[in-house]
Number of protein chains: 2
Amino acid sequence: MDNFSYQSPTRYVFGKGVENQTGKLVNEIGCKKIMLVYGRGSAVKSGLIDRVKASLADAGIKFTELSGICPNPTDDKVREGIDICRAENVDGLLAVGGGSVIDTAKAIAAGTLYNGDFWDFYCGKAIVKDALPIGVVLTIPAAGSEGSGNSVITNSALKQKISIRTDYALRPKFAVMNPELTLTLPMSQTAAGIADMMAHIMERYFSPTEGVETTDRLCEGLLKAIITEGRTLVENPDNYDARANIMWSGTLAHNGICGCGRREEWSAHGLEHVLSALYDVTHGAGLAVAFPAWMTYMTHKNPSKIAQFGRRVFDVDIENDREAAMEGIKRLREFFKYLSLPLTLGDLGITDPDFGKFTSDFHRDKGTPWGNYYPLYPSDTEIIYRLMQ
Amino acid sequence: MDNFSYQSPTRYVFGKGVENQTGKLVNEIGCKKIMLVYGRGSAVKSGLIDRVKASLADAGIKFTELSGICPNPTDDKVREGIDICRAENVDGLLAVGGGSVIDTAKAIAAGTLYNGDFWDFYCGKAIVKDALPIGVVLTIPAAGSEGSGNSVITNSALKQKISIRTDYALRPKFAVMNPELTLTLPMSQTAAGIADMMAHIMERYFSPTEGVETTDRLCEGLLKAIITEGRTLVENPDNYDARANIMWSGTLAHNGICGCGRREEWSAHGLEHVLSALYDVTHGAGLAVAFPAWMTYMTHKNPSKIAQFGRRVFDVDIENDREAAMEGIKRLREFFKYLSLPLTLGDLGITDPDFGKFTSDFHRDKGTPWGNYYPLYPSDTEIIYRLMQ
């Protein structure tokens, strides 16, 4: 096990009706005038935004608004938000939505206090040291941004989708999590969220670090719970407990508890970010295509942990490592298929793949070589993209 | 799943050599003059206290000292500590040791700021709302106090051992955790610690709350890791990674992450607290006797979760719930025996058990009935104590 430092100070307020505590929670973190950030309609249509505004009003919190955040959120909305925060002397942000909304709020929170262009943080020119405090009302369990110090933003002009990670500065102060809000999510969105949270765990699980039984077992346990509850939701999308377990698993998948003391991987995320920057595919759907392809290539390069995944997560009973690994990947893809997730680039609507461009974009964003479990050079990366056909 | 609120803001600094960061960490939580609290010798003999003092001196932190804390720590040391803290205007505490030292420091931290006798918190007359900040350098993985808001103190005159739990006030600000410090722990102490951390998980696992697959799987995963690494340490006590996994598991067992959204149990702890208040037995050793006895009785009252424990933690392949439960308990006791833990009251040196007194003391401390998984009345409780023979 490697040395580590870990602190996850986010307060999670979880369960039925908890969105009505939002105003009180904003008060407790000391904010007086916040910016409410949300998406393109469903939070408005469902009445959630009105309930949150009522809760803020009850607590005497003033607010301004930034709405219309899209999936794969872009730099233009961040700049718009920073301008408003500065003009209106906002002292905190409340994100009501899923990962795209939360990640936009985080970029605004950091950018408002920074004397320069916020993209400096994403292109590696500057490090986030300070940010306005952020609260979250979560509506889509997937990205895990409600419990992480991370943010992913796409630069439209550069066609680059970049992720940053901070230890503390961008961790939300609180996350309000009512699984009832997810009962009406369409299955395609539920399924993409499940693939996303599984990928967050697997990027930590497929580590070269030895002697990490505790975090291995945490990862495997969470994956097993997600698979069980994901199957339940295909049959019965109204099952509150399954929604609740999926929502809480999505947070634990990405708040860092699965990565303590181990080097992490993140190749499959990098492979997918290239696709969603070029084609605007749903991140979780892209991961359902990218991760099994990466695992298949790894089975030929370093099968041991892929085999352990098959045996411990999908109960594969095969002694040979490569065979156990391949059977595990098969069962993972069968699970994704059961969720009606895409399995190939074609399923994602990418009918004209330019494998050379995908490969060069990946290494432009990530560097060469990239990866801890097995370092990828362009010749490896191109094969993995071809395995997605 | 039940509604919950969860916040674990403790910063964990984990790995080889991290005790040398102690002074810097005390500085970061804003303390200028602390009280250093430790035990009866091993932390001094090993040179740890000297290294911690050097780290404090390097960081310009002044300190006073309270040493000689014993296992099953008592109220007299707490009162001594409170008097010193008040007289010397101490603004924080640093506990160097295991659960007894940390729990004493917590009681002092709360008592110093309280206008009355600190025992009010333990006997239920008052609630801890504020406390001096606490840092920890952990030397014994067992109690999980480094990551919890809990404290257990024995009142010598009353022969009562009482546990309190706070949401935030008593959670340490930081915990310095170097598994190397545990390489020289005798196997008896290692084993008692393992029983203690397993019991912390199992008190949360044996819940009547339905629909908690995520936390069920977390509990089972941690238990499996502890069993694997516990077996490794019997063969090879010098295995750093096994020591590290045990240490980190002990924290996760009790920092609340295993209990989110579920009612908890705590009967076995209550049964054991009676024994250690009367006979001063090691807490973990007492739990190795008490927990299987409680589980055996539950197998006859409500076998479902005991059976799930057998199947998922010890891979029992039996369809009938009662048989699966009993086989799981048998394997748990075999594991405890492998660790050379006691299995009966006689093994604990209790040769003259007064079952009537045990039972009345249990219900005096806990109330009647006690228990969520299955409520215990005195007639139930006495049978469980008799099953410990």
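Okay, let's start with helix H7 of chain A: H7(A) is mostly covered, with 16 of its 19 residues buried, buried being under 20% relative accessible area with a 1.4 Å probe and protein chains only, where over 50% is exposed and in between is partly exposed. Before I go on, this is a predicted model, where local features need pLDDT of at least 70, side-chain atom pairs count only at pLDDT 80 or more, and totals for chains, interfaces and linings use all residues. Residues are numbered from 1 along each chain as its sequence is written, chains are lettered from A and ligands numbered from 1 in the order written, and side-chain values use heavy atoms, with hydrogens and water left out.

Back to H7(A), residues 187-205: it reaches 26 Å from first C-alpha to last, close to the 27 Å expected at 1.5 Å a residue. That expected span is 1.5 Å times one less than the number of residues. Helices here are DSSP runs of H or I, at least four residues, and strands are E runs of at least two, numbered from the N terminus.

Over in chain B, helix H7 (187-205) packs on helix H9 (240-252) at about 40°, axes 10 Å apart. Axes are lines fitted to C-alpha atoms, for helices over the stretch in contact, and angles run from 0 to 180 degrees between N-to-C directions. So H7(B) is oblique to H9(B); under 35 degrees would be roughly parallel, over 145 roughly antiparallel, 65 to 115 roughly perpendicular, and the rest is oblique. From H7(B), B:Thr190, B:Ile194 and B:Met197 make the contact, meeting B:Arg243, B:Ile246, B:Ser249 and B:Gly250 of H9(B), with contact meaning heavy atoms within 4.5 Å.

Now chain A again. Which helix axis comes within 8 Å of that of H11(A), residues 283-301? That's H15(A), residues 378-386, and the two cross at roughly 130°, so this pair is oblique too. On the H11(A) side we have A:Ala293, A:Trp294, A:Tyr297 and A:Lys301, and on the H15(A) side A:Asp380, A:Ile383 and A:Ile384.

After H14(A) comes A:Gly367, with a positive phi near 95°.

Last stop, a loop: B:Ile61 sits between helix H3 (48-58) and strand S3 (62-66) of chain B. Its relative accessibility is 5%, so B:Ile61 counts as buried. Leaving out residues up to four places away in sequence, B:Ile61 touches several residues, including B:Val26, B:Cys31 and B:Leu56.
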